[in-house]
Amino acid sequence: MLSHHQVARDTAEAGLVRLVRALAVIPPLLALAQVLASLRDYSQPAAAIAVWLAVIGDGRLLVPRLRAGGLSAGEVAAAIAIAVAAVAAAGLAHRASGASGSVDLGVLGTAWLLVLVVMSRSARVSVPAALLVFAVQGASVIRDGGVNALSLSELGAAGYITAAVLIAFAALRPTMAMHVSMAARRASLASRSAAERAAAAAIQQERRGRLAVLEKEALPLLRAIADGTRDPAGQDVRQACAAHAAALRHSLAGDAPRAGGLMTVLEPALRAAAARGVPVTVQLIGDPGTPRPPVARALLGCVDAVLSALSPGQAVLTVLDRGDGAELYLTFGAALRAAAPDLAGFGLDVPAAARWRACLSAAGTGGGCLEACWRKDDEG
């Protein structure tokens, strides 16, 4: 299962990829349309058309790499080379006739390649790459019109377009990371709050059920003792009173039994956590039973991995019996001492019929929740 941070990050990355994909298609199409609309301004219009078609085709190969953690060093070099080659080829195909406008669209058509470099590498790589493309554009403009007011204005427009696009995406990267962190934190808090509300509701429901049983069984016994029909010194009456008193204390305190079933499975992890300064309060709602060995190993592994990664502090373990299934919630307020443990390795041998799922949501500033659920029908 993915954590809330991974889900938020994947969602943001998907939106970013769509944005860059649009940038990789629309501006080159505009540059291509400019070539088609002014063929007489090009000494080799077929070459210029081929350049922009090739640039559009390259977008289908390079843009998806953003989802894979960014471009590799070789792919970054290829993106820079394609941008330089496209700008140079378009400039050579352009007729030195003083026509204006095509150079700026040429810069715009290759800007997405520099965006990929900005999103994948630091400024030490992206800035020289942008300067290199700008220099090639400058050489093309000066070759066509020489150094005059028109060529300088074209160079200024090209530089402004390149700088504006790259600065915008350079600022977008830390902003996106901040929003991903905020979204993950909100999702973590919402998940933790929902788990706590579900646990509290289940606890109250079970307490009401136990008190109803006491009212049905204990009150008649007390009335019988009061009216003299039962002897309070009798062995059976004393045992019944002791049992009802224990049940009443358990209903009011809500303490969970620590022996037998699932608690026996989790006891090693709970004892080790207590020794590290992470005491765990257990709330057992209903009887989740004893899970089969694969599920038991997965539960113990997940709980132990999360508790081992926690800084000293209090944690609450709630287990809910859901009839044909069971749910486990481990909520904590302490921060993780290191990166969140990867739960994907736990439960690989759990059969699909058990419907095993586990998810950890944790915030860097502290607090989080481990959620796990499984089906009881597959238990022995």
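Analyst: The sheet is open and consists of five strands, arranged in the order 1-2-3-5-4 with mixed pairing. The model is a predicted one. Strand 1 (280–285) and strand 4 (357–362) form the edges, each of them pairing on one side only. From one strand to the next, the twist averages 10°. In general terms, the strands of a sheet pair through backbone hydrogen bonds, and the pairing may be parallel or antiparallel.

One pairing can be followed in detail. Strand 2 (residues 315–321) and strand 3 (residues 325–332) run antiparallel and are joined by seven bridges. Within this pairing, Ala 315 has Phe 332 of strand 3 as its bridge partner.

Asp 321 and Lys 376 meet in a salt bridge, with an N to O distance of 2.9 Å.

The loop between strand 3 and strand 4 deserves attention next. Asp 349, located in this loop, is linked to Arg 297 in helix 9 (residues 293–309), and the two residues are 52 residues apart. Their contact is a salt bridge in which the closest N and O atoms are 2.7 Å apart. Both side chains are classed as partly exposed, Asp 349 with a relative accessibility of 45% and Arg 297 with 48%. The loop between strand 3 and strand 4 also contains Arg 355. The phi angle of Arg 355 is near 55°, a positive value in a residue other than glycine. Arg 355 counts as exposed, because its relative accessibility is 51% and the class begins over 50%.

The salt-bridge count for the structure comes to three. Besides the two contacts already described, there is a salt bridge between the side chains of Arg 230 and Asp 236, at 3.5 Å from N to O. Arg 230 is partly exposed at 33% relative accessibility, and Asp 236 is likewise partly exposed at 48%. As a general point, side chains of opposite charge can pair when their charged atoms come close.

The cysteines give a further view of the structure, which holds zero disulfides. Cys 369 is in no disulfide, and its nearest cysteine sulfur, that of Cys 359, is 8.5 Å away. A disulfide would require the two sulfur atoms to be within 2.5 Å. Cys 369 is buried, with a relative accessibility of 0%. Cys 302 is buried as well, at a relative accessible area of 2%.

Val 25, Ile 26, Leu 29 and Leu 30 make a nonpolar surface patch of about 320 Å². Of these residues, Ile 26 is found in helix 1 (residues 4–37).

How values were computed: Residues are numbered from 1 along each chain as its sequence is written. This is a predicted model: local features need pLDDT of at least 70, side-chain atom pairs count only at pLDDT 80 or more; totals for chains, interfaces and linings use all residues. Side-chain values use heavy atoms; hydrogens and water are left out. Patches are made of residues with over 30% relative accessible area and no salt bridge: like charges are joined within 9 Å, nonpolar side chains (Val, Leu, Ile, Met, Phe, Trp, Tyr) within 5 Å. Accessible areas come from the Shrake-Rupley method with a 1.4 Å probe; for residues, only the protein chains shown count as cover. A salt bridge is a side-chain nitrogen of Lys or Arg within 4 Å of a carboxyl oxygen of Asp or Glu. Helices (H or I, at least four residues) and strands (E, at least two) are DSSP runs, numbered from the N terminus. Buried means under 20% relative accessible area, exposed over 50%, partly exposed in between (1.4 Å probe, protein chains only). Two strands pair if DSSP finds at least two bridges between them. Axes are lines fitted to C-alpha atoms, for helices over the stretch in contact, and angles run from 0 to 180 degrees between N-to-C directions.
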